[in-house]
Amino acid sequence: RDFPTVRVQRGNIEQKVYTAGELRPAKSASLMAPPVSGTLQIVTLRKTGERVNAGDVIIEFDPSEQEYNLEQARSELLQAEQEITKMKADSAVQTAQDKVALLQAKFAVRRAELEVSRNELVSAIDGKKNLLNLEEAKRRYAQLEQDVQSRLATQQAGLTVVEERRNKTRLNMQVAQSNIDNMTLKSPISGLIALKENPDASGGFMFQGMTLPEFRAGDLVFPGRSIVDVLEVEQMEILGKVSENDRGNIK
């Protein structure tokens, strides 16, 4: 019995798949509120659909709070530097006075030693007095040395505390200045503006199908919140998904 046959040939099979896809730019950039402590309020903001170039200002936040922090830190720095200057001057004066006092105490010990060396020539009572005077002079000299060392340690500790406060204040100034610089956001690329929806505009009340307004000037923003996308539309791409089931139905 004869069966129909056909010769198999090697070749390409053309397959077409129709699916929904998302048209989107090949390149985009997102601008977010700077990660600073305190309140962030938008002062100026470009509108959706505006074309911008790389380096154009897109968002400006109110820098008042950070400028206040900067001025406060600058005032504290000036105060700390004045304290350090005064402490160093007072320390220099006290050191000079201590040197004189130590020199006088040392001479007092030397005089007492000379008086003791003459004990063979004086009465027993005067000799006893000379020994007592020598012991007292040595005691005063030793006590004065101890007081001077203790005073130096206290002065150095106090100076270290103020210097640490000055260094911390300098750091606060740098942080405040950096925050002020970050209050202005510029576009890293050229493209079209696409504002994000403001999730905080609902006041915490949400329901299905609710439409949120876009960010706008005057809005308060949480640090790190994404506010706007810049879309480079010169090159676009389509993102689509094809499942195995769709492929199996291809004829």
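I began at one strand pair and noted that V52 stands opposite G191 in β6. One place back, I found R51 opposite L192 in β6. I kept in mind that this is a predicted model, in which local features need pLDDT of at least 70, side-chain atom pairs count only at pLDDT 80 or more, and totals for chains, interfaces and linings use all residues. Residues are numbered from 1 along each chain as its sequence is written, and side-chain values use heavy atoms, with hydrogens and water left out.

**Sheet**

I looked up the pairing of β3 and β6, which is antiparallel over two bridges. For pairing I took the rule that DSSP must find at least two bridges between two strands. Strands are DSSP runs of E with at least two residues, helices are runs of H or I with at least four, and both are numbered from the N terminus. I then followed β6 to β8 and found antiparallel pairing over four bridges. In that pair, I193 stands opposite V230 in β8. I wrote down the whole as an open sheet of four strands, ordered β1-β8-β6-β3, with antiparallel pairing. Its edge strands are β1 and β3 (51–52), each of which pairs on one side only.

**Chain**

I counted three helices and eight strands in the protein chain. Along the sequence I read the pattern β-β-β-β-α-α-β-β-β-β-α. The radius of gyration (over C-alpha atoms) is 42 Å, well over the 18 Å that the globule rule gives for 251 residues, so the chain is more spread out than a compact globule. The globule rule is 2.2 Å times the number of residues to the power 0.38. I noted a box of roughly 155 × 60 × 35 Å for the C-alpha atoms, taken along the principal axes.

I found that buried residues make up 22% of the 251 residues. Buried means under 20% relative accessible area, exposed over 50%, and partly exposed in between, with a 1.4 Å probe and protein chains only. The chain exposes about 18,400 Å², of which carbon and sulfur atoms supply 52%. I also checked contacts (heavy atoms within 4.5 Å): among those between residues at least 6 apart in sequence, 80% join residues at least 24 apart.

**Cores**

I looked for nonpolar cores, meaning sets of buried Ala, Val, Leu, Ile, Met, Phe, Trp, Tyr and Cys residues joined through side-chain atoms within 4.5 Å. The largest has 21 residues, of which I42, I59, F61, I227 and V228 touch the most other members. The elements giving two or more residues to this core are β1 (21–32), β2 (40–45), β4 (57–61), β6 (191–195) and β8 (226–240). I listed the contacts of F61 beyond its neighbours within four places in sequence, including A33, P34, L40, I42, M183, L185, V221 and I227. Apart from this core lies another, of six residues, among them L70, L77, M173 and A176.

**Helix residues**

I looked up L78 in helix α1 (residues 64–117). L78 is partly exposed, because its relative accessible area is 48%. I found 8.5 Å between the C-alpha atoms of L78 and R166, which are 88 residues apart along the chain.

N179 is buried, with a relative accessible area of 10%. Leaving aside neighbours within four places in sequence, I found N179 in contact with V36 and Q66.

Note on methods. Areas by Shrake-Rupley, 256 points an atom, 1.4 Å probe, with all protein chains shown as cover.
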